[in-house]
Amino acid sequence: MVTETQPAFDERQESSGRRSNGRASAKLWIAAGLVGIALVSAWFKYSPGESRSSADTRPAELPQVVVSKPLVQNLDTQLGFLGQFSAVSQVELRAQVGGTLTGIFFKDGDIVRKGDLLFTIDPRPYEITLAEATAQLDVASARQELADRQLDRAKDLEQSNAGSVENVDQRTSDQRAARASVEDAKARIRDAQFDLDHCRITAPFTGRMGTHLVSVGNLIAGSRTATSPTTLLAMLVSLDPIYLDFDMSESDFLTYSRYRERLKGAHVQKVEVALGDDKRYSRNGIFDFLDNVLDRSSGTIHARATVANSNLVLTPGLFARVRVVVAPPSPTLLVPDSAVLPDQSQHMVMTVAADGTVAPKQVEVGDIRGGLRVIRSGLAPNDRVIVGGLLHASPGTKVSTQDGTIRFAGGQE
């Protein structure tokens with residue numbers, strides 16, 4: 001039995017040995033492959049190739065900015081304020097006579113001229129009163145004529161000794177009473193004519209109408225002296241010229257007062273005006289009023305300029321910017337407004353030093369002149385201000401510079 005099963009056992013052992021040798025050979029090949037991959041990766045990483053060597057040895061480029069010295073212009077010093085337009089004249093249209101409203105001759109918001117018809121009131125009652133007064137004048141005139149003739153006859157009789165002095169005196173008194181009656185009748189006619197004329201309500205000046213507050217057919221209450229309640233018909237405001245009201249702080253008031261005291265003349269009273277959506281101060285006005293009391297609660301004083309409005313574009317309630325000259329022309333530094341950076345409640349300008357280092361400078365700014373920002377202090381005429389590429393200019397970093405030019409826009413304020 002043993003001799004018969006021995007060959008089968010040897011075959012199984014030989015087969016098992018072959019499988020073990022195969023697994024060992026596979027492991028050796030896998031290990032060799034991993035080593036090869038590692039060597040290739042190391043070669044690519046540390047290979048001193050021409051392109052990689054040139055990239056590693058090239059120095060890093062500095063960020064480039066555009067610089068320019070501040071522009072120097074001979075400009076006067078101005079203070080800016082925010083103002084609001086108001087009407088020079090504003091009237092409530094009320095009737096001076098009562099009656100039924102018979103006509104409205106404008107549209108709400110229309111611009112009307114002086115003398116234009118606005119409302120009419122039924123004139124018939126006043127036409128009747130005028131006719132009565134006219135009739136009374138005719139009667140009084142006839143009585144005066146009779147009194148004049150009777151006085152003349154009484155004087156003739158007195159001269160011929162046919163009449164008495166008492167008769168002449170009586171006729172003289174009658175004549176005076178007749179003349180008084182005539183004057184009274186004339187006054188009644190003027191009174192009736194006044195009422196009749198005021199049945200037509202016209203515009204007292206050129207301006208813009210508001211909305212009408214009554215309709216045709218309404219009974220209107222009128223009064224010549226407003227001693228009794230009257231009916232408000234509409235509002236009318238003037239437009240040309242127009243006031244521009246603004247408030248000055250105490251320090252600005254003192255600055256302007258000193259300037260006005262030193263330089264007297266019409267040019268001192270000129271102001272420049274720009275509407276809310278205007279970039280240019282294209283309108284001029286006259287500084288013609290300064291209040292006599294400083295408001296203690298706000299620390300400001302009320303001021304006013306008069307502005308021409310021939311095209312009737314400006315309207316009461318509209319806001320505008322106003323500039324007032326407070327110092328004569330002097331050399332002024334200007335930089336682009338984009339070069340001025342806000343720093344909380346202050347402002348900074350980035351400059352480049354001689355060694356190419358970015359250095360910030362704190363400045364005091366003024367208004368916009370010629371499209372540029374006025375620099376009142378903090379900057380020197382020879383400073384190189386960064387006017388382009390500010391995103392690459394961090395304080396303390398090195399930059400390369402390119403020269404630029406700052407231009408003053410003469411037609412722009």
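Modeller: Happy to, and we can start with confidence and then go through the rings, a helix and a few single residues.

Colleague: What kind of model is it, and which parts count?

Modeller: This is a predicted model, where local features need pLDDT of at least 70, side-chain atom pairs count only at pLDDT 80 or more, and totals for chains, interfaces and linings use all residues. Residues are numbered from 1 along each chain as its sequence is written, and side-chain values use heavy atoms, with hydrogens and water left out.

Colleague: What pLDDT does the protein average?

Modeller: The average is 80, and 79% of the residues score at least 70. pLDDT is the predictor's confidence in each residue, from 0 to 100.

Colleague: Which elements have the lowest and the highest mean pLDDT?

Modeller: Helix 2 (residues 50–57) has the lowest, at 48, and strand 6 has the highest, at 95. Helices (H or I, at least four residues) and strands (E, at least two) are DSSP runs, numbered from the N terminus. Over residues 1–17 the pLDDT is below 50, and that stretch has zero contacts in the model beyond near neighbours in sequence. Residues 49–55 are also below 50, with two such contacts. Contact means heavy atoms within 4.5 Å.

Colleague: How many helices and strands are there?

Modeller: The protein has five helices and 21 strands. Of its 413 residues, 31% count as buried. Buried means under 20% relative accessible area, exposed means over 50%, and partly exposed is in between (1.4 Å probe, protein chains only).

Colleague: Now the rings, please. How many aromatic pairs does the structure hold?

Modeller: There are four aromatic pairs. Rings of Phe, Tyr and Trp (its six-membered ring) pair if their centres lie within 6.5 Å; planes under 30 degrees apart count as stacked, over 60 as edge-to-face and the rest as tilted. One of the pairs is Phe106 with Phe119, edge-to-face at 5.3 Å centre to centre with 85° between the planes. Phe106 is in the loop between strand 4 (99–104) and strand 5 (111–112), while Phe119 is in strand 6 (residues 117–121), 13 residues apart.

Colleague: Are those two buried or exposed?

Modeller: Phe106 and Phe119 are both buried. Another pair, Tyr256 and Phe287, is stacked, at 4.9 Å centre to centre and 15° between the planes. Tyr256 lies in helix 5 (residues 250–262) and Phe287 in strand 13 (residues 283–290), so this pair ties together parts 31 residues apart in sequence. The relative accessible area is 1% for Tyr256 and 3% for Phe287. Ring pairs also link Phe81, Phe246, Tyr256 and Phe287 into a cluster.

Colleague: Which charged residue sits over the ring of Tyr281?

Modeller: That is Arg323, whose charged end is 3.8 Å from the ring centre. Arg304 lies over the face of Tyr243, also with 3.8 Å to the ring centre. A charge sits over a ring if NZ of Lys or CZ of Arg is within 6 Å of the ring centre and within 35 degrees of the ring normal.

Colleague: Back to helix 5: which residues there are buried?

Modeller: Asp252, Tyr256, Ser257 and Tyr259 are buried in helix 5. They cover an arc of only 165° around the axis, which puts them on the same side of the helix. The arc is that of the directions from the helix axis to the C-beta atoms. On the other side of helix 5, Glu261 and Arg262 are exposed.

Colleague: What do the buried residues of helix 5 pack against?

Modeller: They pack against strand 2 (71–87), strand 11 (242–249), strand 13 and strand 15 (319–336).

Colleague: Changing topic, which peptide bond is cis with omega near -5°?

Modeller: The one from Asp240 to Pro241. Pro241 is found in the loop between strand 10 (232–238) and strand 11.

Colleague: And what about phi of Leu312?

Modeller: Phi of Leu312 is near 60°, a positive value in a residue other than glycine. Leu312 is in the loop between strand 14 (300–307) and strand 15, and counts as buried at 14% relative accessibility.

Colleague: Last one: what does Asp195 touch?

Modeller: Asp195 touches Val97, Tyr126 and Arg224, not counting residues up to four places away in sequence. Asp195 is in helix 4 and counts as buried, at 13% relative accessibility.
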